Amino acid sequence: MAQATETKVVALCKKEKNDSFVKVRKRDLERLSTEVMQLRDFLPKVMNRDLIEMLQKARSAEKMKERIGQEQEQLKMECLHLRSRLDAAQSECQKERESHSWCPQEKLFLREQLWESRERLQQQAEFCTELGAASCTLLWSASGKEEAVRDILVEGNLQSFLSMAGQILESYVKSLDGEARAEQQDSNSHEQQFVLALAGVVTNVAAVTCGRDYLSGSAHVLLDTLIQLLELLKPGVCPKLKVLMLMALYNVSINVKGLKYISEFPGLPSLIWTLLADGDNEVCLHALRLLQSLLLDEGAVALVPLLDDTLLPLERIRMLATSSRHPALRQTARETLEDLGSLRASCLDPIGTTFDQVKNTLSPKSNTQR
């Protein structure tokens, strides 16, 4: 009986196993059905699109967190590697310092060598300045002869010399920083003599016909530099240099092309007015001579509107013509007043005077200046 019952149970289990049936209590089945129905009603309310997107973002954040953690771990390893290399380099540098450390005696010796090198460099600079001053002074003296200027032009090296002279003059003028420096440059130093000699050579070259022709046609940069430097120099500073540059411009103005080029320079009348206010008599004299030369140009008609009695330049010229103790300056100021009066009267003549007649009323040019 027991064996038969056991056989039935085994057969039933096999059947249940084959058919995938499971015995469940009715009460549990009802409870499970109730929970399934509740979940079927509740899940659509919870499992919406926002929750799904939030879950996706959470998964992405989790992956990013893992990746950042890996990168941080890699960076930490690299940092440790670099720190070890830094420690090794510092230790090596310390060893180098210890092996090459100088004693106080060696430092003092090196400092003395540095001082000696500076002193030798200063001596060399002074020697070069003195040599340049002596050489240019000799050249200045030699260029006073017309034959020497012609030989210089034949050699074909004048262009490079004029370029160098313009650069040196510009550097010298721009180095004048303040009254103390300007007063120091008024002394007979080698540097000042060097600069004056360069300007003197340019003046002598312009005093010769062939030299004027060359400067008027091939040295416009130098002429621009001379005018610009005259604008930079303050009243009372470097009067000798101003005189030489004004003499050079006057000599160039004797040439027709040179006169035309100089007269077209913007701001030239105002520059002459400024130079006439200079306290040095020689500067005023050569500024007046340059003004007289410009009045012979056809562009002098443009100066007539500026010839007002109320302007300071005319008052200054009148004062120089009456009160100056310098004979040549007094005479030149008188001639300039006459030239300005003749020019103004001729240009404002209602009959209509021609410009050739205007030029005939003006004073003739004086000789070149050396």
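Where in the chain does V22 lie, relative to α1 and α2? V22 sits in the loop between α1, residues 2–19, and α2, residues 26–46. Keep that loop in mind, I'll come back to it. One caveat before we go on: this is a predicted model.

Okay, the overall picture. The protein chain has 17 helices and 0 strands. Of its 370 residues, 30% are buried. If you take the contacts between residues at least 6 apart in sequence, 72% of them join residues at least 24 apart. The chain exposes about 24800 Å², and carbon and sulfur atoms supply 56% of that.

Back to V22, then. With a relative accessible area of 71%, V22 is exposed, because the cut-off for that is over 50%. As a general point, nonpolar side chains in soluble globular proteins tend to be buried together.

Now the inside. The largest nonpolar core has 67 residues, and the ones with the most contacts inside it are L162, L215, L233, L241 and L249. Helix α8, residues 190–206, gives the largest share of this core, 10 residues. Let's zoom in on L162. Leaving out residues up to four places away in sequence, L162 touches V202, Y214, L215, A219 and L222.

Next stop, helix α11, which covers residues 239–253. How many of its 15 residues are buried? It's 13, so α11 is largely enclosed by the rest of the structure. The geometry works out too: at 1.5 Å a residue, α11 should span 21 Å, and its end C-alpha atoms are 21 Å apart, which agrees.

Take a look at C238 as well, in the loop between α10, residues 220–232, and α11. Is C238 buried or exposed? Its relative accessibility is 3%, so C238 counts as buried. C238 and V173 are 65 residues apart in sequence, but C-alpha to C-alpha they're 9.0 Å apart in space.

Last topic, salt bridges. A search of the whole structure finds 4 of them, and I'll walk through some.

Start with E146 and R150, whose side chains meet at 2.6 Å, N to O. Both are in helix α5, residues 146–155, and being 4 residues apart they're separated by about one helical turn. In general, an α-helix has 3.6 residues a turn, so residues three or four places apart point the same way. E146 counts as partly exposed at 31% relative accessibility, and so does R150 at 44%.

Then there's K174 with E170, at 2.9 Å, N to O. That pair is in helix α6, residues 158–174, again 4 residues apart and about one turn of the helix. K174 counts as exposed at 54%, whereas E170 is partly exposed at 29%.

And then K242 with D278, where the side chains meet at 2.7 Å, N to O. This pair links distant parts of the chain, 36 residues apart: K242 is in helix α11, while D278 is in the loop between α13, residues 268–276, and α14, residues 281–294. Both K242 and D278 are buried.

That's my tour, happy to take questions.

Methods: Residues numbered from 1 in each chain as written. Predicted model: local features only at pLDDT ≥ 70, side-chain atom pairs only at ≥ 80, totals over all residues. Heavy atoms only, no water. Core = buried A, V, L, I, M, F, W, Y, C linked by side-chain atoms within 4.5 Å. Buried < 20%, exposed > 50% of the residue type's maximum accessible area, 1.4 Å probe, protein only. Helix = DSSP H or I, 4+ residues; strand = E, 2+ residues; numbered from the N terminus. Contact = heavy atoms within 4.5 Å. Expected span 1.5 Å × (residues − 1). Areas by Shrake-Rupley, 256 points an atom, 1.4 Å probe, with all protein chains shown as cover.
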